[in-house]
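Here is a structure to get to know step by step.

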Amino acid sequence: MSVHLDDLHFSYPPISAGAPAVEVLHGVTLDVPAGQSLAIMGPTSSGKSTLALVLAGLAPSMTGGVLTGQVQVNGQDAAATPAAVLSASLGIVFQEPERQLFNMTVAEEVAFSLEGLALPPHEIGERVELALAQVGLTGLEERSPWQLSGGQQKRLAIATLLAIRPPILLLDEPMAGLDPAARREVAAVLADLRRTAAATVIVLEKDAEFVARWAERVVILAAGQVVLDGTPTAVFTEVERLHELGVAVPQMAELAARLPNLVASAPFLTARQAAAVLVPQLPTLAPNLHSPLPTRQPPVYAPQPAIDVREATFRYENGTLALDRLSLAVPAGQFVAILGRNGGGKSTLARHLNGLLRPQSGAVAIGGKPSAGRRVGELAREVGYVFQNPDRQIFATSVREEVAYGVRNLGVIGQEAGQRVDEALTVFDLTAVAETPPAVLGYGLRRLVTLASVWAMQPPIWVLDEPTTGLDVRYTGILMDRLRSLHERGNTILFITHDLRLAAEFAERVVVVDGGQTVLDGPPAAVLSDAVALSSFGLRPPPVTRLSALLAPYSFPHPTLTVEEFAAAWSSAAGNGER
Amino acid sequence: MLFDLYVHTDGWLQRLDPRTKIALVLCGAALFVVMNHLLVLLALLVLIHVMLLSSRVPLRQIAWVWRQLLRVVIIIVLIWPFFARLAGPEIFSIGPFTVTWTSVWAGLATATRVVGMSLLFFVILFTTRQNELVRGLVRLGLPFEWGLTLSMALRFIPTFSQTAAQIRDAQAARGWQVDRGDIVGRLRGMTPVLVALIIDVLRTGDTLGMALAVRGVGSGRPRTVWRDISLRRADWVVLALIALIFALLIYLRFARGFGAELI
């Protein structure tokens, strides 16, 4: 056994003296055989991250707290072995690569782990070369780790552990914060590890599409206990259960659960597998498949654009051309999803909308008035900006203070300010934690606090920079629900995301930004189904759209953008067929 | 980038062992302290420029140091003559202040010392990779943990400054303005940025501690060094030259009074 857990309990020390200890693991029993590729999933506060720290020997030794039960890692008692010693048996990659890379060059970063093993210099050199080749970073040896892209940093963090050659590798959310292309890079490295089975690989991950393709075994952790354990196919069949728990499900598994007449057929997790199952069933539906999809009604907007960017050009001091004569007009009340590679100009564009950056040539108009000459604080009245990382703004001593901060800066005082804050707290279900310091809340709640603080400022335009990064299904649901209701009230929403499923479900318009220009722009059905165009910008259509493309030759309606659309098309045809 | 000052060109200083450069800088600094003659100090200053330029450090880089020091230099040169009160040919006097030529030369000498010693410091920063510098200090007896802490501090300066910029942006987007009122008001105005930054630094420190542990720091095992620095022939030649010139100048200074007087 690589890992053997028996009735593992773990509690953190209380946050303040006198408060009760916080038990996060309640009797976890789990055996992981050598060479297995295991994915552990679970909602926020399921205890996943704590389990990772326990396995690496970091909890309780570095976090404090009380552990009972057995934890054996490669035959050693993880609770009694110093982390530095245990690291030869189990290597762990943390979520944020920028906090675990601390050397001056890529090669030295990898070598650092090996110097600690007291290997002779020539062997260190060989292992560095090999580890970098394994993760595809050959040629970047002398670069600074912090000048790498997000995907490269993740792969470097993996290489620093591969070089140690531990029998067990543990990765905490390897896909977090990466764009789709970078995810594929990291997934390729992990697929390689699985193929060679040289090590036991345990991945804690929220990305169900990745887990479905990669894992041999999936364990679902909820409230500190193992609640499901099996092959991806077996676990992802429990769609309803997983929804209840707040665990993401591959889109195809969701679809399988929605197609009523598939009970006896083979399960599927990817679009290709789904097509293999569904194609044979199509002939019976064929006569009814001529009715086209009900087209989404194109909404009517006010003629005055809320956001009007004209030929904006912006070059950073280091010479990077981030916006290259980019133009984008957004009518008031539109919900726009902005997609594209990291580094393509999405965030730079967003920062032009509230004046944090000013175009070096071209112009930006907000609410019909040029933004030139208006201060950021002034534009804050019209443009609410939600940053990717909630911790960049959280500073106040209570959630209420944090939410009131922006309102006060707008000059709103007295009763009205109080009312706005109360309303925002209610809308985001934060009333219960109103007096808690926001910094000690969980990540999902911290995100909600930042949303509430913008909500209270009541801007007509919302700009959100990858707001769902790091959120589990439940918090993503809350966030999207509130955005939908803002949109229904006529607010303009500009939503930067890497999640094409969200774009497909919520946006009225999809814009792809790459190389500082808008390269694709149109209704979701047109942009998100264009697999060829998307692929040149590192993107792929959502699984259900890929599936309808595979079924299109059999005159199945294409494109379908959501599970609901596909299921409706399928069951209307099937329903008619039975009659 | 502002914080990594290393000049990625191939010059003779870049190729030297960091310990050789540390010796060079210490001896140079000592000469700036013991020498008093203005012309000797200026000669040393010129020598530093010659060294930097001959080692392919761009003029632009040196000019950057001068720009940083310009204000201090001007203040020293202007204020020094009023307070030095050195005896000598009088230029003019206002109230209690009598300005002499000697005081003016003394001001220039002090400014030369400040610029010269700063530039010496930058000789190391411009021509040495940070990790090599730390390695050099460790080889000179600094404990490994201290060296590691020092190199990580250097490493995370740009990260934290980037974080601070992001925090400023995030607070500005909520209408934050700092440019109000007196110093106390401004400091108070910085709270939203400082608190968020401190929280980030603490979180980073936590993760970093764990990241170090799982990469084997603190196992108590001895470590090896992958690419260790070593003193090559060029280093020994330069060290010998430094020793010779330094010994000669010190001998001349204290036995013969060379450069002992200001003028």
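The report below goes from domains to cores, then to one helix, the chain contact and some backbone details.

This is a predicted model, in which local features need pLDDT of at least 70 and side-chain atom pairs count only at pLDDT 80 or more, while totals for chains, interfaces and linings use all residues. Residues are numbered from 1 along each chain as its sequence is written, with chains lettered from A and ligands numbered from 1 in the order in which they are written.

## Domains

Let us begin with the overall layout. Chain A is divided into domain 1 (3–250), domain 2 (258–295 + 543–578) and domain 3 (306–535); such bounds come from an automatic or database domain assignment. Between the C-alpha centres of domain 2 of chain A and domain 3 of chain A there are 35 Å. Where these two touch, domain 2 of chain A gives six residues and domain 3 of chain A gives seven residues; two residues are in contact if their C-beta atoms, placed from the backbone, lie within 7 Å. On the side of domain 2 of chain A that touches domain 3 of chain A, three residues are nonpolar, three are polar and none is charged. In these classes, Ala, Val, Leu, Ile, Met, Phe, Trp, Tyr, Cys and Pro count as nonpolar, Asp, Glu, Lys and Arg as charged, and the others, Gly among them, as polar.

Chain B is divided into domain 1 (12–135 + 230–256) and domain 2 (143–214). The C-alpha centres of these two domains of chain B lie 34 Å apart.

## Nonpolar cores

Next, look inside. A nonpolar core is a set of buried Ala, Val, Leu, Ile, Met, Phe, Trp, Tyr and Cys residues joined through C-beta atoms within 7 Å. A residue is buried if 20 or more other C-beta atoms lie within 10 Å of its own, exposed if 12 or fewer, and partly exposed in between, with C-beta atoms placed from the backbone.

The largest nonpolar core has 114 residues, and A:Ile220 is one of those with the most contacts inside it. Beyond its neighbours within four places in sequence, A:Ile220 is in contact with residues including A:Met41, A:Val227 and A:Leu245.

Leaving aside neighbours within four places in sequence, A:Leu451 is in contact with A:Val386, A:Phe428, A:Leu479 and A:Arg482.

Now follow helix H6 (residues 180–196) of chain A, which has 17 residues. The buried residues of H6(A) are A:Ala182, A:Arg183, A:Val186, A:Leu190 and A:Leu193. They are on the same side of H6(A) because they cover an arc of only 105° around the axis, the arc being that of the directions from the helix axis to the C-beta atoms. On the other side of H6(A), A:Ala188, A:Arg195 and A:Thr196 are exposed. The cover over the buried residues of H6(A) includes helix H5 (150–162), strand S8 (200–204) and helix H7 (208–214) of chain A.

## Where the chains meet

The contact between the chains takes 51 residues from chain A and 43 residues from chain B. On the chain A side, H3(A) gives the most, with six residues. By class, this side of chain A has 30 nonpolar, 14 polar and seven charged residues.

## Backbone details

| Bond | Omega |
|---|---|
| A:Ala59 to A:Pro60 | near 5° |
| A:His558 to A:Pro559 | about 0° |

A:Pro60 is found in the loop between helix H1 (48–55) and strand S4 (66–73) of chain A. A:Pro559 is found in the loop between helix H22 (543–551) and helix H23 (563–578) of chain A.

Finally, look at some phi angles. A:Asp7 has a positive phi near 45° and is placed in strand S1 (residues 3–12) of chain A. A:Asp429 has a positive phi near 55° and is found in the loop between helix H16 (414–427) and H17 of chain A. A:Asp429 counts as exposed, because it has 12 C-beta neighbours inside 10 Å.

Definitions and conventions
Helices (H or I, at least four residues) and strands (E, at least two) are DSSP runs, numbered from the N terminus. The expected span of a helix is 1.5 Å times one less than its number of residues.
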